[in-house]
Amino acid sequence: MNFAKRTKRQKKIKVEDGDPSEKKYAHTIQFYKEPPTDNISLQEFEDLAIQRLKVLKVIESMSFKEKKGSKQFQKALETEFNKDKFLPKSESMGGVATAEIQKRRSDHISHFILRLAYCKSEELRRWFITQELELFRFRFLDERTSFRTQFLIDNDLHYEPIDVKEKEALKKQLVDSSYNLTEMSIEGIEFYKVPFTEALDLVRSRKIYVHKGYAYVPSNDLVSIVISAYRAHLSHALALTARAVPQLEEDNRLLPLLNNLSKQYLGQDYGGKQTNAGKVSIGELDGLSRKSFPLCMRHLHSALKHDHHLKYWGRMQYGLFLKAIGITLEQALIFWRSEFSKTMDVDKFDKQYAYNIRHNYGKEGKRVDYTPYSCMKIITSNAPGAGDHHGCPFRHSDATILKQQMSSYGVSQTSIDSIMTYMNGGHCQLACSRYFDVTHQLPEGTTSIQHPNHYFEESRKVLTGVKPTNGAYRSPSSQISNPVQASKDSQPIGDGDDFNDETGISMDDLDKMEAGAV
Ligand code: SF4
């Protein structure tokens, strides 16, 4: 967007004139290929961003309750979005009303605003892509078949349903290649003929019939192919947006707004300024690890005490967590040195490990004040290998060992069973939330854990009744606030700090993505 300079908030952002038309917004769903060119006020810019963020938050919280892509997930979103006034709805063949066109325009613009806000780090991009893909899946499946077909054609995805004659001729093969179709049930299902190289996931899972280089994909599975195309497009587009964002830095109206929008997905920023510094001393860590640490951090603490050593990712995960709960740099150096020096010379520790600790506190190297890892990062990156203790127990531990561990911590068998049900279903954070509720004597469903430091703060709140000093975590439904107000209230942390650090994507990667390698 060519944002022309304006100094007053009330003034319009001048872009080239554009008139939303039926042609431009021919479909309820979009691949968002063309950026918007309308005139919008800053107020509308903010409103649209917040509304889309609310939609994405609904998707995220629903994915903690239901399996993504399942019928239950689709149904739950349908119920949620039925009341929603923001998302465009599938229209009848009789034409599209002006109000509906306006919704499609808002959908279009809001997507691009959040692209600007969520392009700056790998973690933000991952979060945004995950929620946008689920939103797209929901809306695509909600469309009528004829609209879906037209949408695919309009987006150069030339997948056409096979005709009745071909379907009849292949009936037996289509039924035999699927575990849940019968000759009766395929009558009402459209099959699309797709080059098999574009349906590798489905081919790999042996879910479809393949013949002469074509895969015959039932309409409900077609979405996974369309989503792959959308994912590739969105990843590439976000990489390009990340490159363009520095040009916005001279615009002091938009940048604070965008920065604060991107921070709202976690509810609480645990990095940047150490507002808790000194609130916890190293002498309290043994007791706190038993009462208020999530299992991932309790495990790292025990491993450190037992082995007097942690490998790199363990030191990063635990060290940054400790920093955010309030351990100062001086205390951290004493703590790690006292453990490591039980098995090595103090000199060796000072030479090989102290730098790493000072680095985490922003006192060495690029002097970036690193943020502690969120659950999402711990769960999805750097899976632990032999001798490692980092990671999320609900994702990376052996189920039998984890059950024994929880039992030794005094968790009842019934509670362990309910925690394991979530874990076995792949819902690590729900398992952790259930563990929290059980160990803090709270009714099931009270807590929704998204960050180890959130776990710690909630635990201190429950056990001591004291509200954390740097602000309580807000539940997902209430965590969208006015980003402009937030920008005035909070200290911004270094913009773009995530680039080129160990959590970010390098500029080389961006070059490759731009060259079409994604
Ligand atoms: Fe730690 Fe998060 Fe896993 Fe809980 S869900 S154990 S807080 S990584």
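## Salt bridges in the predicted model

Taking a salt bridge to be a side-chain nitrogen of Lys or Arg within 4 Å of a carboxyl oxygen of Asp or Glu, the count comes to 21 salt bridges. Side chains of opposite charge can pair when their charged atoms come close. The model is predicted, and local features need pLDDT of at least 70, while side-chain atom pairs count only at pLDDT 80 or more, although totals for chains, interfaces and linings use all residues. Residues are numbered from 1 along each chain as its sequence is written, and side-chain values use heavy atoms, with hydrogens and water left out.

## Pairs within one helix

Helices here are DSSP runs of H or I with at least four residues, strands are runs of E with at least two, and both are numbered from the N terminus. In helix α4 (residues 122–142), Glu-134 and Arg-137 lie three residues apart, about one turn of the helix, and they form a salt bridge whose closest N and O atoms are 3.2 Å apart. Glu-134 has a relative accessible area of 7% and is therefore buried, where buried means under 20%, exposed over 50% and partly exposed in between, using a 1.4 Å probe and protein chains only.

Lys-461 and Glu-458, three residues apart in helix α22 (residues 452–464), are likewise separated by about one helical turn, and their closest N and O atoms are 2.9 Å apart in a salt bridge. Lys-461 is partly exposed at 24% relative accessibility, whereas Glu-458 is buried at 14%.

## A linked group

A network of salt bridges links Arg-52, Asp-107, Glu-132 and Arg-139.
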